[in-house]
Amino acid sequence: MGRVIAWIGITAIVVMVIAAEIVLRRWFGFGNPLLYVADERIGYVLAPNQEVRRFGNRILINHYSMRGEAIAQKRPPQTLRLLLLGDSIANGGWWTAQTDTISALLQQQLTSSIHATTTSNTVEVLNASANSWGPRNELAYLQIYGCFESQALILLLNTDDLFATTPTSVQVGRDRNYPAQRPPFAIAELIGRYMLPPVAIPELEAVRAEGGDRIGKNLEAIRQIHTYITQQGGTMIVVLTPLLRELVGPGSREYEIKARDRLTTFTQNHRIAYLDMLPLLNAHDNPKELYRDHIHFNFQGNQFITQQVIVHWLDSAIATLH
């Protein structure tokens with residue numbers, strides 16, 4: 001009798017584990033995370049040619065490690081092509097459906113209004129981005145992959161990006177947020193991601209301790225991005241989004257204010273179009289409702305950013321694009 005009860009218990013446990021594995025895979029997308037590839041110059045990119053679903057959100061990564069559908073390397077005739085370059089805010093992450101990213105919203109809105117202002121029949125907004133990229137990662141991506149004949153480049157930054165460190169790949173395959181291969185089971189990913197403490201990476205701590213004028217290095221990267229797209233015959237804007245605490249309290253810290261001032265002066269001196277989202281978000285009735293956490297935006301926030309970029313820059317910039 002005891003053996004029967006034991007076998008029943010073991011069977012029940014096995015059935016529950018299998019059921020949990022199926023639910024985690026089918027409903028939440030565990031076991032199939034977005035994978036990363038180390039790159040000597042960029043630091044890392046999303047592994048090309050991926051399609052996953054996480055928490056019901058479809059995520060597509062094309063051949064050029066962009067978030068989006070497959071594209072031709074050369075711009076098709078009569079096509080208005082924009083390149084959105086940025087970090088997790090531009091990328092959208094696992095919490096944003098493919099159609100709800102800033103690049104997708106820009107493409108949707110421009111497609112519906114483009115015929116009145118240009119001879120282009122098609123609009124493409126490319127999305128080259130990855131979590132925690134800074135200006136130096138973004139410059140390296142542009143230097144390696146090019147701008148895909150884009151007529152305009154939107155460099156989307158947040159306050160933290162002004163202090164970003166030099167590109168590194170040490171976290172790929174070691175940090176749970178940058179997996180290089182799929183876990184054997186969905187349950188294993190759930191445990192590793194949410195139940196175990198993160199693994200310390202001493203080399204990463206050394207990178208984060210980078211000294212010198214980080215802001216200056218990142219401004220130089222922005223200058224080189226602007227030079228590159230200008231030489232390709234395109235135009236560019238820098239869009240800076242604030243952290244939530246800069247809006248609802250306690251406000252921007254002194255070193256952040258100084259960094260923002262440096263960026264403002266820099267863009268003025270180099271005649272780079274610049275859109276600071278801080279005053280625009282401050283004018284919103286409830287900016288907190290546009291954020292999903294302290295730095296990233298939800299769908300409504302992505303809509304807000306999209307609209308501000310169009311109103312404050314793209315509407316006038318499109319007239320100069322060919």
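Helix α3 (residues 102–113) packs against helix α11 (residues 299–317) at an angle of about 50°, and their axes are 9 Å apart. Axes are lines fitted to C-alpha atoms, for helices over the stretch in contact, and angles run from 0 to 180 degrees between N-to-C directions. The angle makes α3 oblique to α11, given that angles under 35 degrees count as roughly parallel, over 145 as roughly antiparallel, 65 to 115 as roughly perpendicular and the rest as oblique. From α3, Ile 102, Leu 105, Leu 106, Gln 109 and Leu 110 meet residues of α11 that include Phe 299, Asn 302, Ile 305 and Leu 314. Contact means heavy atoms within 4.5 Å.

The model is predicted: local features need pLDDT of at least 70 and side-chain atom pairs count only at pLDDT 80 or more, while totals for chains, interfaces and linings use all residues. Residues are numbered from 1 along each chain as its sequence is written, and side-chain values use heavy atoms, with hydrogens and water left out. Helices (H or I, at least four residues) and strands (E, at least two) are DSSP runs, numbered from the N terminus.

| α7 (residues 214–231) | Ile 215, Asn 218, Leu 219, Ala 221, Ile 222, Ile 225, His 226, Ile 229 | 155° |

The arc is that of the directions from the helix axis to the C-beta atoms. Helix α7 has 18 residues and reaches 26 Å from its first C-alpha to its last, close to the 26 Å expected at 1.5 Å a residue. Gly 233, with a positive phi near 85°, follows α7.

Thr 241 lies in strand β8 and is buried, with a relative accessible area of 0%. Not counting residues up to four places away in sequence, Thr 241 touches, among others, Leu 156, Arg 260, Met 277 and Ile 305.

Gln 98, in the loop between α2 (88–91) and α3, is buried with a relative accessible area of 13%. Leaving aside neighbours within four places in sequence, its contacts include Arg 58, Arg 67 and Ala 104.

How values were computed: Expected span 1.5 Å × (residues − 1). Buried < 20%, exposed > 50% of the residue type's maximum accessible area, 1.4 Å probe, protein only.
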